[in-house]
Amino acid sequence: MARGTIAKVVRDRGFGFIRGNDGKEVFFHRSGLIGMNFDDLEQGAVVDFEVEKGPKGLRATNVRNASASASSATG
């Protein structure tokens with residue numbers, strides 16, 4: 001699982017971009033969020049995610065709040 005930050009949220013279209021720790025940006029769609037509300041996302045939020053090949057290139061899936069991921073892994 002990769003870690004990154006929300007770089008941009010396009011609220012009216014239901015998608016955004018995550019900047020991974022490697023500096024590359026990956027597309028995500030609101031349907032790829034786990035346990036997060038798209039309308040509550042803010043730029044700079046730290047998230048964990050997986051990357052898969054989509055019809056138009058790479059996209060982030062299973063996007064979840066990094067602090068929630070860390071607490072579930074330890075407890």
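This is a predicted model: local features need pLDDT of at least 70, side-chain atom pairs count only at pLDDT 80 or more; totals for chains, interfaces and linings use all residues.
I started with Phe15 and found it buried, at a relative accessible area of 15%. Buried here means under 20% relative accessible area, exposed means over 50%, and partly exposed is what falls in between, with a 1.4 Å probe and protein chains only.

Residues are numbered from 1 along each chain as its sequence is written, and side-chain values use heavy atoms, with hydrogens and water left out.

**Entry: the aromatic rings**

I looked for ring pairs next. Rings of Phe, Tyr and Trp (its six-membered ring) pair if their centres lie within 6.5 Å; planes under 30 degrees apart count as stacked, over 60 as edge-to-face and the rest as tilted. Searching the whole structure turned up four aromatic pairs. In one of them, Phe15 and Phe17 have ring centres 6.0 Å apart and planes at 90°, so I wrote that pair down as edge-to-face. Phe17 is partly exposed, with a relative accessible area of 26%.

Phe15 also pairs with Phe27, and that pair is tilted, with 5.4 Å centre to centre and 35° between the planes. Phe15 sits in strand β2 (residues 15-20) and Phe27 in strand β3, so the pair ties together parts that are 12 residues apart in sequence. Strands (E, at least two residues) and helices (H or I, at least four) are DSSP runs, numbered from the N terminus. Phe27 came out partly exposed, at 29% relative accessible area. I put Phe15, Phe17 and Phe27 down as one aromatic cluster.

**Entry: the overall fold**

How do the strands of the barrel run? I traced a closed barrel of five strands in the order β1-β2-β3-β5-β4, with mixed pairing. From one strand to the next, the twist averages 50°. For such angles, axes are lines fitted to C-alpha atoms (for helices, over the stretch in contact), and the angles run from 0 to 180 degrees between N-to-C directions. Two strands pair if DSSP finds at least two bridges between them.

I then went through some of the pairings:

- Strand β3 (residues 25-29) pairs with strand β5 (residues 57-65) in the parallel sense, over two bridges. Phe28 stands opposite Ala60 in β5.
- Strand β1 (residues 2-10) and β4 pair in the antiparallel sense over four bridges. Ala2 is opposite Phe49 in β4.
- β4 and β5 run antiparallel and are joined by seven bridges. Glu52 has Arg59 in β5 as its bridge partner.

**Entry: the hairpin**

β4 and β5 form a hairpin with two residues between them. Pro55 lies in the loop between these strands. Is Pro55 buried or exposed? I found Pro55 exposed, with a relative accessible area of 79%. I also checked Pro55 against Arg19, 36 residues away along the chain, and their C-alpha atoms are separated by 20 Å.

**Entry: the core**

The largest nonpolar core has 13 residues. Such a core is a set of buried Ala, Val, Leu, Ile, Met, Phe, Trp, Tyr and Cys residues joined through side-chain atoms within 4.5 Å. Residues with the most contacts inside the core include Ile18, Phe28, Leu33 and Ala60. The elements that give two or more residues to this core are β1, β3, β4 and β5.

I listed the neighbours of Phe28, leaving aside those within four places in sequence, and counted heavy atoms within 4.5 Å as contact. Among the residues Phe28 touches are Ile6, Lys8, Phe15, Leu41 and Val63.

Asp48 has its place in strand β4 (residues 46-54). Asp48 is buried, at 7% relative accessible area. Its side chain makes a polar contact with the side chain of Arg3 (2.7 Å). A polar contact is a pair of N or O atoms within 3.5 Å; within protein, one must be able to donate a hydrogen and the other to accept it, and residues adjacent in sequence count only if both atoms are side-chain atoms.Asn62 is in strand β5, and its phi is near 50°, a positive value in a residue other than glycine. Asn62 is partly exposed, at 27% relative accessible area.

Leaving aside neighbours within four places in sequence, Asn65 is in contact with Met36 and Val46.
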